[in-house]
Amino acid sequence: MSDCLFCKIIAGEIPSTKVYEDELVLAFRDIAPQAPTHILVIPKEHIASVAEINEKNSAVVSHIFEVIAKIAKDEKLDGGYRVVSNCGDDAGQTVHHLHFHILGGKKLNVEMA
């Protein structure tokens with residue numbers, strides 16, 4: 001999608017601080033971190049949200065969770081971390097491209113869970 005912020009980041013039109021990249025996904029540091037470690041993991045294929053995951057694109061989501069585990073290990077989030085994906089406007093999704101937040105590096109507020 002030409003007007004999608006994350007598609008522009010994938011295309012290199014907007015800079016990001018990359019943490020991980022392969023042929024299916026990109027992970028980069030959030031520009032407004034909510035925790036000491038705040039990384040976004042996105043599929044390179046445009047999928048608007050969790051609501052659009054189906055049998056044709058679900059393999060990339062499985063791969064994303066493998067990447068999340070690798071990133072958490074590389075970032076030394078040994079004490080734990082949170083993975084969050086907002087789905088839709090009412091949930092606070094501001095960029096309508098599927099993405100998962102990795103939050104860690106401190107004891108997180110349990111009220112968010």
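Biologist: Which residue in strand 2 is the bridge partner of Glu21?

Modeller: In general, strands of a sheet pair through backbone hydrogen bonds, either parallel or antiparallel. In this predicted model, where local features need pLDDT of at least 70, side-chain atom pairs count only at pLDDT 80 or more, and totals for chains, interfaces and linings use all residues, Leu26 of strand 2 is the bridge partner of Glu21. Residues are numbered from 1 along each chain as its sequence is written, and side-chain values use heavy atoms, with hydrogens and water left out. Strand 1 and strand 2 (residues 25-29) run antiparallel and are joined by 3 bridges, and the hairpin between them passes through 3 residues. Pairing requires at least two bridges found by DSSP; strands (E, at least two residues) and helices (H or I, at least four) are DSSP runs, numbered from the N terminus.

Biologist: How many bridges join strand 2 to strand 3?

Modeller: Strand 2 and strand 3, which also run antiparallel, are joined by 5 bridges, and Ala27 has Val41 of strand 3 as its bridge partner.

Biologist: In what order do the strands of the open sheet lie, and which strands stand at its edges?

Modeller: The open sheet has 5 strands in the order 1-2-3-5-4, with antiparallel pairing. Strand 1 (18-21) and strand 4 (81-84) are the edge strands, each having a single partner, so one side of each lacks a neighbour in the sheet. On average, neighbouring strands are turned by 15° against each other, direction ignored. Helix 2 (residues 58-74) packs on this sheet, touching strand 1, strand 2, strand 3 (37-43), strand 4 and strand 5 (100-104) through contacts (heavy atoms within 4.5 Å), and its direction makes about 155° with that of strand 3. Axes are lines fitted to C-alpha atoms, for helices over the stretch in contact, and angles run from 0 to 180 degrees between N-to-C directions.

Biologist: How many disulfides does the structure hold, and why?

Modeller: A disulfide is a covalent bond between the sulfur atoms of two cysteines. The structure holds 0 disulfides (cysteine sulfur pairs within 2.5 Å), because the sulfur of Cys4 is 3.7 Å from its closest cysteine sulfur, in Cys7, and that of Cys87 is 15 Å from its closest, in Cys4, too far for a bond. Cys4, at 7% relative accessibility, is buried, whereas Cys87, at 35%, is partly exposed.

Note on methods
Buried means under 20% relative accessible area, exposed over 50%, partly exposed in between (1.4 Å probe, protein chains only).
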